[in-house]
Amino acid sequence: MTPEHPTGIRHRTVPSPAGRTHLAELGSGPLVLLVHGFPESWYSWRHQLPALAAAGYRAVAIEVRGYGRSSKPAAPDAYRMRELVEDNVAVVRALGEESAVVVGHDWGSPIAANSALLRPEVFRAVGLLSVPYAPRGGPRPSEVFSRVGGPDDEFYVSYFQEPGRAEAEIEPDVRGWLAGVYAALSADTMPGRDAPDPHFVSRAGGRMRDRFPTDRLPGWLSEADLDLYAGEFERTGLTGALNRYRNMDRDWEDLAAHDGAPIPQPSLFIGGARDASTTWMSEAIDAYPVTLPALHASHVLPDTGHWLQQERPEEVNALLTEWLATLPA
């Protein structure tokens, strides 16, 4: 069995502030830049690339710095948000384009949102998957996350902060850890409501994987798909990917001038009804009339978890192409 690779995709690297950014490209027409999240790669957009190309768009899925064949700067602060935005700008320019629609999932969603916020002359519209837009504001993020979970459990974002800590859990068995996290956050395989929440780690020496399913893969993930994801992270390690979490306080400082800022470009949100990102951030979705004043639509897909463009590719493709068709050429 081999991973699903849509025919005709062109892979290449282009220069960027990271050093190089790897991308997968299919189709011609207006540029749509696709930005993945954690722990994923360009491959998480394998169902969207042919659908967008067939609809008349130049679909380009990048690998964020720290992932896959993109550069992996050594300095932890090289993974701050403003650096990732400039990587996106560099990709657009390297492709010979003046502007693009940017669409992101998971961490890719705030990367896409901040690309539109910081470089509106380049990113003319923004699509957000799974993680709602929430403007910069409030207390320092590390202070907020340290209060989540209570005396017994530590929130996973806090768990990821210390360099090397999560790596020590993941890297001895990358494939097993990935299988567990994908299953834990998928609608068809996530733990029951009475099971310990996989977004938390026991403060008594626990690991994230202690709460992951170990006996099943979600329906959207084949063994070959898992091999591809695992092979990439076994080659690169997890530090570059995890460094995104380790820059949240720096982002909060860097973006102080944009406190509470709305995104005025045309926008779209798609979430999963069984995704904690959608439920925990329901107030951010409620605030969209203010924070996303040009929102086309906000969709929450029933019986869908976190990996929605892989769990429900046909529905996501239809919503994306319908929205894109409403945008000015």
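**A buried strand and a helix pair**

Strand β9 (residues 267-272) is largely enclosed by the rest of the structure, because six of its six residues are buried (under 20% relative accessible area, with exposed meaning over 50% and partly exposed in between; 1.4 Å probe, protein chains only). The model is predicted: local features need pLDDT of at least 70 and side-chain atom pairs count only at pLDDT 80 or more, whereas totals for chains, interfaces and linings use all residues. Residues are numbered from 1 along each chain as its sequence is written, and side-chain values use heavy atoms, with hydrogens and water left out.

Both faces of β9 are covered, with Ser267, Phe269 and Gly271 buried on one side and Leu268, Ile270 and Gly272 buried on the other. Strands (E, at least two residues) and helices (H or I, at least four) are DSSP runs, numbered from the N terminus. Pairing, for which DSSP must find at least two bridges between two strands, joins β9 in the parallel sense to strand β6 (residues 123-129) over four bridges. Here Leu129 stands opposite Ile270 in β9. Strand β10 (residues 295-301) also pairs with β9 in the parallel sense, over six bridges, and Ala297 in β10 lies opposite Leu268.

Helix α2 (residues 81-94) packs against helix α3 (residues 108-118) at an angle of about 75°, the axes being 9 Å apart. Axes are lines fitted to C-alpha atoms, for helices over the stretch in contact, and angles run from 0 to 180 degrees between N-to-C directions. The two helices, α2 and α3, are therefore roughly perpendicular to each other (65 to 115 degrees; under 35 counts as roughly parallel, over 145 as roughly antiparallel and the rest as oblique). In contact (heavy atoms within 4.5 Å), Met81, Leu84, Val85 and Asn88 of α2 meet Pro110, Ile111, Asn114, Ser115 and Leu118 of α3.
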